[in-house]
Amino acid sequence: CSLDSAATSRLLVNYQEPYRSQILDYLFKPNFGASLHILKVEIGGDAQSTDGTEPSHMHYENDENYFRGYEWWLMKEAKKRNPNIKLIGLPWAFPGWIGKGENWPYDYPDITAYYIVSWILGAKQYHDLDIDYVGVTMDMINGSYNLTYINKIFNSPLTYNGLEQVRIIASDRLWEPISFVMMIDSELHGVVDVIGAHYPGTKTVPNALLTGKKLWSSEDYSTFNDDVGAGCWARILNQNYVNGNMTSTIAWNLVASYYEELPFGRCGLMTAQQPWSGHYKVESPIWITAHTTQFTQPGWSYLQVDGHLEGGGSFVALTDGLGNLTIIIETMSHNHSKCIRPPLPNFSVVPQRATFYLRGSFCMVETLQVWHSRLDFESGNSSLFHLSSLQLQVWKGRFSLDLNVDEVYTLTTLKTGRKCACPEPPPPQPFPSNYKDDFNIGNPPFSEAPNFADQTGVFEYFINASDPGDHVFTLRQVVVQRPITWVSDADQTISVIGNFKWVNMTVTCDIYIEKPRDGGVFIAGRVDNGGIYVRNTKGVFFWVFADGTYRVTGDLAGKKILMKGLAGVRDNAWHTLTLNIQGNSASGLLNGYPLWENVTVSSPGNGWAALGTRSFEFAQFDNFHVEAC
């Protein structure tokens, strides 16, 4: 049972102590909360990966930096709490230079392999992190490409660099064609350790089973984290093995620590999306996770039993081979366990009495501890992860249990389980309506400024050594070539910030266009979209360009022009832009003087503030300020 972090932990790093450590404890600390076994992180590729972009360790071919982003920090925090946690890296997008102009990362496998191996080596050299697995995404690659690419990663660079312990997960997306190709290609079969599929619906395919390899649901869940989400998670944690022989299930995502109005809001196991207030919420999927993770460990084995219950639901049984036994039972009903994908066929679950028989060495077990959760969809008063005061008595290897609908039980010989709790976090508060950032930080703990959520491009702290003094420390957009993308990133770069409910606002920012002739930047308000839908973003955008012109548009793509004219702005000089939106009217100032006014804006009616660039180009921003209501 493990978790996937991909541009979804963006706000987590901004939490103040002690709240940040409390959140991390709930996720990673053994016998505390979720007690996760595996952490899977994205190998940032400077591109949109669902709810934002993650910076690459190699923006450019001659560039290496192993301190960008927050995934290094997250892996270290996980290891600090649980030294035995397994780490997985998966590249889901790539910097544009890897494709040499093509939106495809596999034409030059030497380059792609070097890029991924560099990330693995950097994890060890700079952070003392040992990566256990690397995912190989191959949505459309035929068998020969599979073998060429995997061998380039595995047999050559990993071996030569002393990284033989790094295992390969393929295709980390689909069961086929990788399973079929492995059946006919012994060399490929020899280098792939795990076949991973995303959102398999608890089912596998015959070829995957015939390979004899470990089968994982290497991305799953992705469901709103209320009690229905908890039901989804409970069901697939068991049934991925019962129906599909999958021995690991990885949830996307780890923690909902991104603006909720982005795609798949609150689809993490817990919610931590308010670093400005310190508020977070331990959602019910955390405790459903604990039913499995607190009473098993990597290396435990599933017992070969038919885990279907007669009255509906499922059970799994695992052992450490040393006499310990854990049985996890779920009775989730259809309507209370729907995941976001795939569609769930109809089934029924009824109250039942289940009788279990322990054989072999387990017939000596006399008592089992009982941990119980009940999801209550009528009163909303669910009972989560409670230890029964009475142990379950086993008589000559036999015991019975009365099971109701929408329940989870863990029956175990282990006595190490704990339901821990931190003090209540502060109450929720909206994003500050008066927010400033001058980016004046000489040695920032992270490469990105707090609360800015990059949706296309990467915006990093920058030291402008040639500046005479006013703008030494700035925020700089640094992606200058379109990345090799999974989804359709915008043609412009954009980073959003603030409260999606904002209606009236004044956004001010100093801007510096670096690209001559056709360079340009914008500030914006009422921005209504991001993530995988970023190309469709609407709002009020105030653009200035290196050719001296300006535009006001109702969309990021710049197709809906509301006003245009001459501004006198030039590249390689600082200017101050101000955008004022009040009701149905917008106006703009340049360097404190009115440039345009009385532009009618009808929709969208609310949204974030934002800044960005006309294309993938260098540009700088300073003294950002938003006042909103």
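**Helix packing, pockets and cavities in the predicted model**

Helices H8 and H9 lie roughly parallel to each other (angles under 35 degrees count as roughly parallel, over 145 as roughly antiparallel, 65 to 115 as roughly perpendicular, the rest as oblique). Their axes come within 8 Å and cross at roughly 20 degrees (axes are lines fitted to C-alpha atoms, for helices over the stretch in contact; angles run from 0 to 180 degrees between N-to-C directions). H8 spans residues 227-244, and H9 spans residues 284-293 (helices, H or I of at least four residues, and strands, E of at least two, are DSSP runs numbered from the N terminus). On the H8 side, the contact is made by Asp 227, Gly 229, Ala 230, Trp 233, Ala 234 and Leu 237 (heavy atoms within 4.5 Å). H9 supplies Ser 284, Pro 285, Ile 288, Thr 289 and Thr 292. By class, the contact of H8 with H9 holds six nonpolar residues, four polar and one charged (Ala, Val, Leu, Ile, Met, Phe, Trp, Tyr, Cys and Pro count as nonpolar, Asp, Glu, Lys and Arg as charged, the others, Gly among them, as polar).

The model is predicted: local features need pLDDT of at least 70, side-chain atom pairs count only at pLDDT 80 or more, and totals for chains, interfaces and linings use all residues. Residues are numbered from 1 along each chain as its sequence is written, and side-chain values use heavy atoms, with hydrogens and water left out.

H2 packs against H3 (residues 109-127) at an angle of about 60 degrees. Their axes are 12 Å apart. H2 is therefore oblique to H3. This crossing of H2 and H3 is also a right-handed one. Trp 72, Met 75 and Lys 76 of H2 make the contact with Trp 119, Gly 122, Ala 123 and His 127 of H3. Four of the residues in the contact of H2 with H3 are nonpolar, two are polar and one is charged.

A cavity is a set of points where a 1.4 Å probe fits but cannot get out; a pocket is an open set with protein on both sides within 12 Å along at least five of seven lines; lining residues have an atom within 4 Å of a point. Points are joined across faces, edges and corners, and a volume is the space filled by probe spheres set on them.

The largest pocket has a volume of about 560 Å³. It is lined by 29 residues. Closest to its centre are Trp 216, Thr 247, Ser 248, Trp 300 and Tyr 302. Two or more lining residues come from each of H7 (206-210), S7 (214-221), H8, S8 (248-252) and S12 (314-319). Strand S7 gives the most, with three residues. The lining of the largest pocket divides into 15 nonpolar, 11 polar and three charged residues.

The volume of the second largest pocket is about 450 Å³. Its lining has 26 residues, and Asn 65, Phe 67, Arg 68, Phe 446 and Ser 447 are the closest to the centre. H2 (71-81), S22 (459-463) and S23 (473-477) each give two or more residues to this lining. The largest share, four residues, comes from S22. The second largest pocket is lined by 15 nonpolar, seven polar and four charged residues.

Across the whole structure, three cavities of 30 Å³ or more were found. The largest cavity holds about 90 Å³ of space. Among its 13 lining residues, Gly 44, Pro 55, Arg 68, Trp 72 and Trp 119 are the closest to the centre. S2 (38-43) and H2 each give two or more residues to the lining. Five residues of the largest cavity's lining are nonpolar, four polar and four charged. The second largest cavity holds about 60 Å³. Fourteen residues line it, with Ala 7, Arg 10, Asp 51, Gly 52 and Ala 453 nearest its centre. The lining of the second largest cavity has six nonpolar, four polar and four charged residues.

Backbone geometry was also examined. Most residues other than glycine have a negative phi, and most peptide bonds are trans. A cis peptide bond joins Glu 176 and Pro 177, with omega about 10 degrees. Pro 177 sits in the loop between S5 (167-173) and H5 (178-184). Ser 603 and Pro 604 are likewise joined by a cis peptide bond, with omega about -5 degrees. The loop between S32 (593-600) and S33 (608-613) holds Pro 604. Asp 46, not a glycine, has a positive phi of about 65 degrees. Asp 46 lies in the loop between S2 and H2.

Technical notes. 1 Å grid on protein atoms, 1.4 Å probe; cavity = no way out; pocket = protein on both sides within 12 Å on 5 of 7 lines; lining within 4 Å. Left-handed = near helix turned anticlockwise from the far one by under 90°.
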